[in-house]
Amino acid sequence: MAICKTEAIVTKSLKLGETSKIVWLYTKDFGKVKVVAKAARAPKNRFGSSLELFTHSAVVFYKKDRRDLQLLSQSDALRHFRAFEADVAKFAFASAVIELLDSMVMGEEPNPGLFQLVLDALARLEACPRSALRTVFWSFELHAADLLGYRPELWKCARCGKEGELPRFAPLKGGLICRACSAKDSDSFEVSPEARDFLRKLQAAPVSESAFDAAGPRLEAEIDRIVEVFLQYHVDRLPGLKSLRLVRNLK
Ligand SMILES: [Zn+2]
């Protein structure tokens with residue numbers, strides 16, 4: 001049995017018995033971990049508010065390799081995201097970040113860069129105006145894909161590597177492609193120059209600087225479609241994600 005000390009984000013919890021809780025954590029050093037927090041619902045318990053949804057906490061747990069549920073020994077809140085409790089739209093986007101993360105990460109593989117991206121995205125969603133929630137979410141989606149090894153190619157043809165005009169998006173090729181290549185690729189669709197520029201802007205800026213406003217419903221629908229179709233090739237469970245459907249339909 002190993003004693004593991006790391007940082008975590010609370011992604012889900014369930015009541016267990018009279019006073020305990022099962023808590024799903026996304027950790028900086030151990031990927032996804034499910035823990036039991038004994039007596040976490042008892043009055044004046046040692047975990048305080050550190051196990052609330054979205055909370056960033058410093059945790060210590062005992063890990064047995066062949067056990068599915070680990071034992072949480074200590075948890076101290078480092079940061080709460082209180083704005084999500086009071087704002088339905090913000091809560092929906094924060095939930096979509098967590099749900100997408102859960103479906104993109106398989107298990108215990110550590111990815112400190114992705115952990116930091118989730119924290120940055122939550123912080124940005126908390127601070128940004130409502131009109132910018134969607135761009136912050138797209139930014140999270142693009143950067144998460146990048147950190148998991150499938151960065152969309154937006155700057156040169158994803159098929160032949162040529163730079164220049166890239167008028168179509170080919171999800172199977174993983175990005176934008178040139179006109180000549182699109183004749184050989186039936187699985188591509190037209191992308192407006194505005195959408196292409198907007199995607200490049202999203203990819204070039206860190207999520208912490210991504211809160212620029214989207215430019216109208218038509219462009220918004222186009223970006224939504226491109227990002228969704230792209231991610232579908234990499235995330236098996238994507239079509240079934242409830243919170244993702246919810247934010248796509250949020251006006
Ligand atoms: Zn090409």
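**Note on the structure**

1. A hairpin of six residues leads from strand 4 into strand 5. The model is a predicted one. Strand 4 covers residues 56-63 and strand 5 covers residues 70-79. These two strands pair in the antiparallel sense, with seven bridges between them. Within this pairing, Phe61 has Leu72 of strand 5 opposite it.

2. Strand 4 also pairs with strand 1, again in the antiparallel sense, and here the pairing runs over eight bridges. Tyr62 in strand 4 is the residue that stands opposite Ile3.

3. Lys5 belongs to strand 1, which spans residues 2-16.

4. Taken as a whole, the chain contains eight helices and eight strands. Its radius of gyration is 20 Å, close to the 18 Å given by the globule rule for 251 residues, and the chain is therefore as compact as a globular protein of that length. Along the principal axes, the C-alpha atoms fill a box of roughly 65 × 40 × 25 Å.

5. Two further values describe the packing of the chain. Of its 251 residues, 37% are buried. When contacts between residues at least 6 apart in sequence are considered, 56% of them join residues at least 24 apart.

6. The chain is divided into two parts, domain 1 (2-79) and domain 2 (83-249). The centres of domain 1 and domain 2, taken over C-alpha atoms, are separated by 30 Å. How many residues does each domain bring to the contact? Domain 1 supplies 10 residues and domain 2 supplies 15 residues.

7. On the side of domain 1 that touches domain 2, strand 1 and strand 3 (31-37) are the elements that give two or more residues. The residues on this side of domain 1 comprise four nonpolar, three polar and three charged.

8. The largest nonpolar core holds 66 residues. Which of its members touch the most other members? They are Leu25, Ala94, Val97, Val118, Ala121, Leu122 and Phe137. The core lies between domain 1 (2-79) and domain 2 (83-249), because both domains give residues to it.

9. Leu25 deserves a separate look. Leaving aside residues up to four places away in sequence, Leu25 touches Ala8, Ile9, Val10 and Thr11, and also Val33, Val35 and Val59.

10. An open sheet of three strands, with antiparallel pairing, has the order 7-6-8. Strand 7 (175-177) and strand 8 (189-190) are at the edges; each has a single partner strand, so one side of each is left without a neighbour in the sheet. Strand 6 (residues 168-170) pairs with strand 7 over three bridges in the antiparallel sense. In that pairing, Leu176 of strand 7 is the bridge partner of Phe169.

Technical notes. Residues are numbered from 1 along each chain as its sequence is written. This is a predicted model: local features need pLDDT of at least 70, side-chain atom pairs count only at pLDDT 80 or more; totals for chains, interfaces and linings use all residues. Helices (H or I, at least four residues) and strands (E, at least two) are DSSP runs, numbered from the N terminus. Two strands pair if DSSP finds at least two bridges between them. A nonpolar core is a set of buried Ala, Val, Leu, Ile, Met, Phe, Trp, Tyr and Cys residues joined through C-beta atoms within 7 Å. A residue is buried if 20 or more other C-beta atoms lie within 10 Å of its own, exposed if 12 or fewer, and partly exposed in between; C-beta atoms are placed from the backbone. Domain bounds come from an automatic or database domain assignment. Two residues are in contact if their C-beta atoms, placed from the backbone, lie within 7 Å. Ala, Val, Leu, Ile, Met, Phe, Trp, Tyr, Cys and Pro count as nonpolar, Asp, Glu, Lys and Arg as charged, and the others, Gly among them, as polar. The radius of gyration is taken over C-alpha atoms; the globule rule is 2.2 Å times the number of residues to the power 0.38.
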